[in-house]
Amino acid sequence: MRKIMLAAAAMLTISSAAFAQSTVIVTDPAATGSVVLPGEVRTYVMEQQTPSVVYEGDIAVGATLPDTVEVHTVPNIDGYGYTVVNERRVIVEPKTHRVIQVLE
């Protein structure tokens with residue numbers, strides 16, 4: 001009986017180690033700023049002659065621009081807006097003004 005208990009404990013230990021090695025951790029790519037934009041969004045925004053707005057705050061992915069910054073919509077594509085802040089083109093969520101990507 002003792003040998004069976006030891007064998008069962010050994011098997012549990014081995015299977016636990018094997019399970020731990022197969023664990024995969026996935027991180028959200030949006031947190032790093034690596035959002036993949038549809039090509040037509042980037043093309044449209046880069047072609048527009050939009051005047052730049054001066055803004056003192058931080059322009060980074062995840063930052064929220066104030067409501068005083070005018071956000072323009074991208075025609076025929078929901079969920080994307082843009083503006084030009086401090087001579088940098090910025091893709092934002094139109095409803096929240098949250099920065100999705102800064103185009104360089």
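## An aromatic pair

The structure holds 1 aromatic pair. This pair is formed by Tyr 44 and Tyr 82 in an edge-to-face arrangement, with 6.0 Å from centre to centre and 80 degrees between the planes. A pair of aromatic rings is described by the distance of the centres and the angle of the planes. The arrangement counts as edge-to-face because the angle of 80 degrees is over the cut-off of 60. The model discussed here is a predicted one.

The pair links distant parts of the chain: Tyr 44 belongs to helix H2 and Tyr 82 to strand E2, and the two are 38 residues apart.

## Exposure of the two residues

Tyr 82 has a relative accessible area of 4% and is buried. Tyr 44, with a relative accessible area of 24%, is partly exposed. Tyr 82 is classed as buried because its value of 4% is under the 20% cut-off.

## The sheet

The model contains an open sheet of 4 strands, arranged in the order E1-E2-E3-E4 with antiparallel pairing. Strand E1 (72-73) and strand E4 (99-103) each have a single partner strand and stand at the edges, so one side of each is left without a neighbour in the sheet.

Strand E1 and strand E2 (residues 81-85) run antiparallel and are joined by 2 bridges. Thr 73 has Gly 81 in E2 as its bridge partner.

## The helix on the sheet

Helix H2 (residues 39-47) packs on the sheet, where it touches E1, E2, strand E3 (88-92) and E4. The direction of helix H2 makes about 140 degrees with that of E3.

Notes
Residues are numbered from 1 along each chain as its sequence is written. This is a predicted model: local features need pLDDT of at least 70, side-chain atom pairs count only at pLDDT 80 or more; totals for chains, interfaces and linings use all residues. Side-chain values use heavy atoms; hydrogens and water are left out. Two strands pair if DSSP finds at least two bridges between them. Contact means heavy atoms within 4.5 Å. Axes are lines fitted to C-alpha atoms, for helices over the stretch in contact, and angles run from 0 to 180 degrees between N-to-C directions. Rings of Phe, Tyr and Trp (its six-membered ring) pair if their centres lie within 6.5 Å; planes under 30 degrees apart count as stacked, over 60 as edge-to-face and the rest as tilted. Buried means under 20% relative accessible area, exposed over 50%, partly exposed in between (1.4 Å probe, protein chains only).
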